[in-house]
Amino acid sequence: HPTVKPLLEGGSIISSGARALVEGGLQSLPRLQMPGALLVGDAAGMINVPKIKGTHMALRSGMLAAECLVAEGGDFDAHWRASPSAAELRRVRNIRPGFHRGLWLGLANAALETAVGGRTPWTLRNHADHSALHRLSAGEPPVDYVERTLEPRDRLASVYFAATEHDEDQPVHLKVADTDICAGRCTEEYGNPCTRFCPANVYEMVEEDGQRRLQINAANCVHCKTCDIKDPYQIIDWVPPEGGAGPNYVNL
Ligand SMILES: Cc1cc2nc3c(=O)[nH]c(=O)nc-3n(C[C@H](O)[C@H](O)[C@H](O)COP(=O)(O)OP(=O)(O)OC[C@H]3O[C@@H](n4cnc5c(N)ncnc54)[C@H](O)[C@@H]3O)c2cc1C
Ligand code: SF4
């Protein structure tokens, strides 16, 4: 933005990163315990989305989980849902889904929810909103912003600043269940949105022997998890790469 640009001009980039926000809120939380596992923090989806605050949720839920484990057999799911953290998420549960109907309705809904402290008698539902991806295949959006001159200028430069590292010969940690969909249906219906929404240029459609195919540059991945969430066919599965590989955020 022209107002912000002078503040950044002449500065140097220390680090950069990307991470999808867990936006589902209280109504999307799964059961928090299962045989052999408890879900806490972002793994469960405990972010206060309007504030983009989740560190306190992660700490509190981790502490509560530990207390339940020490109490041997404590019902962590029930305890968490009765906790101040759940009450906090209940107060803001309708704010993010309110924006599915546009900015102005979303703002009006956010004002109402804030004024009544989330005591509205309804809970708005979340939905995947893959239909928004159709707009990407309809062509590049018209450029109505000033020319971008500050670094980084491209996505691969951002990968460098994320200091991401994977052994080139390790198994690909982005599992695409059916790559025929990429070259066929997805090209026609959505224009291969993964080639646009991935901040690290991991997905490329390349021509080979007259055929288009998906190329996965897995070593670039900055572990933002966007592809696992946003892929309209839900055929991309992000799995943990070999131990320790990934971005190395030092000053973020
Ligand atoms: C852009 C952005 C801005 C934010 N701003 C704020 C803010 O200002 N204030 C605030 O309170 N919150 C903020 N949050 C939210 C906050 O960062 C998270 O809610 C919080 O970090 C969640 O903590 P966590 O421990 O649950 O998960 P994480 O911080 O995601 O930690 C999970 C860790 O597990 C590691 N891991 C994953 N898989 C494996 C595996 N298989 N083996 C070993 N390790 C693994 C990951 O590398 C990661 O280090 C922000 C989030 C984003 C994306
Ligand atoms: S491959 Fe997926 S998880 Fe990795 S950077 Fe791209 S969108 Fe994010």
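Predicted model: local features only at pLDDT ≥ 70, side-chain atom pairs only at ≥ 80, totals over all residues.
## Ground rules

Residues are numbered from 1 along each chain as written, while chains are lettered from A and ligands numbered from 1 in written order. Local features need pLDDT of at least 70, side-chain atom pairs count only at pLDDT 80 or more, totals for chains, interfaces and linings use all residues, and side-chain values use heavy atoms, with hydrogens and water left out.

## Around ligand 1

Let's start with the shell, meaning residues with a heavy atom within 4 Å of the ligand. Among its members are Arg 19, Leu 21, Ile 47, Lys 53 and Pro 240. The shell divides into five nonpolar, three polar and three charged residues; here Ala, Val, Leu, Ile, Met, Phe, Trp, Tyr, Cys and Pro count as nonpolar, Asp, Glu, Lys and Arg as charged, and the others, Gly among them, as polar.

Polar contacts are pairs of N or O atoms within 3.5 Å. An N or O atom in the Asp 42 side chain sits 2.7 Å from an oxygen atom of ligand 1, and one in the Thr 55 side chain is 2.8 Å from an oxygen atom of the ligand. Gly 54 uses a backbone N or O atom, 3.0 Å from a nitrogen atom of ligand 1.

## Around ligand 2

Ligand 2 has 14 surrounding residues, the closest being Cys 198, Cys 221, Cys 224, Lys 225 and Cys 227. This shell comprises 11 nonpolar, two polar and one charged.

Methods: Polar contact = N/O pair within 3.5 Å; in protein donor to acceptor, adjacent residues only side chain to side chain.
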